[in-house]
Amino acid sequence: MIGYIHIGEIIVLILYGSILLGVGALVSKYPETISGISTLPKQAREKLNLPKIGAFLSKWLNVSATVVFLAILIPKQELRWQVAIFIPLFLILLSAAYLAKYRTTRFKKEE
């Protein structure tokens with residue numbers, strides 16, 4: 001059926017988006033727990049602007065959550081789930097790649 005969404009799908013999508021929002025809030029508050037940064041030696045970690053990294057990743061997680069919430073409005077079920085799964089995954093991977101590439105330049109502490 002086109003244009004019909006089950007209440008269970010709405011609940012799952014809202015929970016999924018809420019988890020992304022929650023993780024985004026945690027990342028902005030505790031950026032030292034981000035994978036790859038937590039395993040850096042202390043000297044290398046002190047050279048990074050951790051609040052800026054946390055804010056950057058938090059924004060991308062919030063955008064991903066927004067995509068999930070907007071996916072509820074898509075009438076076709078298959079497309080709804082493709083959008084809700086693959087676009088946030090792509091955005092998170094894109095932000096992780098950007099962070100990996102520019103970690104030592106754009107996210108370096110200003111002295």
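Ala, Val, Leu, Ile, Met, Phe, Trp, Tyr, Cys and Pro are counted here as nonpolar, Asp, Glu, Lys and Arg as charged, and the others, Gly among them, as polar. The model is predicted, with local features requiring pLDDT of at least 70 and side-chain atom pairs pLDDT 80 or more, while totals for chains, interfaces and linings use all residues. Residues are numbered from 1 along each chain as its sequence is written, and side-chain values use heavy atoms, without hydrogens and water.

The protein contains 4 helices and 0 strands (DSSP runs of H or I, at least four residues, and of E, at least two, numbered from the N terminus). The C-alpha atoms fill a box of roughly 60 × 20 × 20 Å along the principal axes.

Beyond neighbours within four places in sequence, I34 is in contact (heavy atoms within 4.5 Å) with V27, I53 and L57.

The largest pocket has a volume of about 240 Å³. A pocket is an open set of points on a 1 Å grid over the protein atoms alone, where a 1.4 Å probe fits, with protein on both sides within 12 Å along at least five of seven lines; lining residues have an atom within 4 Å of a point. Grid points are joined across faces, edges and corners, and the volume is the space filled by probe spheres set on the points. The pocket is lined by 14 residues, with I34, S35, L57, A96 and L99 closest to its centre. The lining comprises 10 nonpolar, 3 polar and 1 charged residues, and α4 contributes the most, 5 residues.
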